[in-house]
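User: I would like to learn how to read a few features of a model. Please take me through them one at a time.

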Amino acid sequence: MLAFLALASVALVGIAPQSQAIVIYTGWERHALVGSDVRLSCSFFSWRWTSEDVTFSWSYRPDGSRDSISIFHYTGGVPYVDNKGPFRDRLEFVGNPSRRDGSILIKNLDYSDNGTFTCDAKNPPDIVGRPSSVRLLVFEKLPVQAGVITGAIIGAVLGLLVLIVVIYYLMRFLVARRVFNLSVSKHGKKGKGKEGSQPRQGPALYATLDQSKLKALASEKKKQESRKDKK
């Protein structure tokens, strides 16, 4: 029992440092129009309560460049914007640190703003974590998203399949109805033929009966004549 408790204690000690890691989230990619504003979101998950010493840091790497520059920092409850960078007059902090939100707003976008924005956050004592990045693409006109195209194609295919199924069952119904009508018509003609043949048999039957009566009368007459001859 003591050995089991010792092993459990070692396992908990080994897990404890991992529980102090911080996980940071941003979007994958953002599209925006020239001259518009865009919100770049940043949040984090931490095993600790939100600390009063929580910090957020944003950096920016333009497309085609290997170097990143610091553009924003939040610490001690105060936001600091870089006063020399390309966003010194166009960046606004719109996050809520108490809710673990370190989002920023970039205003009046230009093509030169294309690049990668990286957010890092600390929630002491949870300070170990990997920064997260989001890429910003500025367009004159927003492109159609691949997901919208895929959804339209899937919708068209499903609509075509439904139409084919409806046509199939409609054809089956029409064929079954045609067969039923032909069957009813065929049986109706047979019934009329039988009814029409009955009157034709009537005169023949009466003629047969008349001949038998005549024969009976002739034989009776012969019998009477033969009786008279005997007398």
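User: Which residues make the nonpolar surface patch of about 1000 Å²?

Analyst: Keep in mind that this is a predicted model. The patch is made by V157, L158, L160, L161, L163, I164, I167, L170, M171, F173 and L174. V157 sits in helix α2, residues 146-230.

User: Is V157 buried, partly exposed or exposed?

Analyst: V157 has a relative accessibility of 44%, so it counts as partly exposed.

User: Now the strands. How do strands of a sheet pair?

Analyst: They pair through backbone hydrogen bonds, in a parallel or an antiparallel way. Take the open sheet of three strands here: its order is β3-β9-β8, and the pairing is antiparallel.

User: Which are the edge strands?

Analyst: They are β3 (38-40) and β8 (91-93). Each of these pairs on one side only. On average, neighbouring strands of this sheet are turned by 25° against each other, direction ignored.

User: How many bridges pair β3 with β9?

Analyst: Three bridges, in the antiparallel sense; β9 covers residues 104-106.

User: Which strand is joined to β5 by eight bridges?

Analyst: That is β10. β5 covers residues 55-62, and the two strands run antiparallel. β5 is also joined to β6 (residues 69-75), by five bridges and again antiparallel.

User: What should I look for in the hairpin of β5 and β6?

Analyst: Look at G64, which takes a positive phi near 85°. This hairpin has six residues between the strands.

User: And where do side chains point along a regular strand?

Analyst: They alternate between the two faces of the sheet. With that idea in mind, turn to T116, in strand β10, residues 115-122.

User: Is T116 buried or exposed?

Analyst: T116 is buried, because its relative accessible area is 16% and buried means under 20%.

User: Which residues is T116 in contact with, leaving aside its neighbours within four places in sequence?

Analyst: The contacts are S59, Y60 and R61, together with S133, V134 and R135.

Key. Residues are numbered from 1 along each chain as its sequence is written. This is a predicted model: local features need pLDDT of at least 70, side-chain atom pairs count only at pLDDT 80 or more; totals for chains, interfaces and linings use all residues. Side-chain values use heavy atoms; hydrogens and water are left out. Two strands pair if DSSP finds at least two bridges between them. Helices (H or I, at least four residues) and strands (E, at least two) are DSSP runs, numbered from the N terminus. Axes are lines fitted to C-alpha atoms, for helices over the stretch in contact, and angles run from 0 to 180 degrees between N-to-C directions. Buried means under 20% relative accessible area, exposed over 50%, partly exposed in between (1.4 Å probe, protein chains only). Contact means heavy atoms within 4.5 Å. Patches are made of residues with over 30% relative accessible area and no salt bridge: like charges are joined within 9 Å, nonpolar side chains (Val, Leu, Ile, Met, Phe, Trp, Tyr) within 5 Å. Accessible areas come from the Shrake-Rupley method with a 1.4 Å probe; for residues, only the protein chains shown count as cover. A salt bridge is a side-chain nitrogen of Lys or Arg within 4 Å of a carboxyl oxygen of Asp or Glu.
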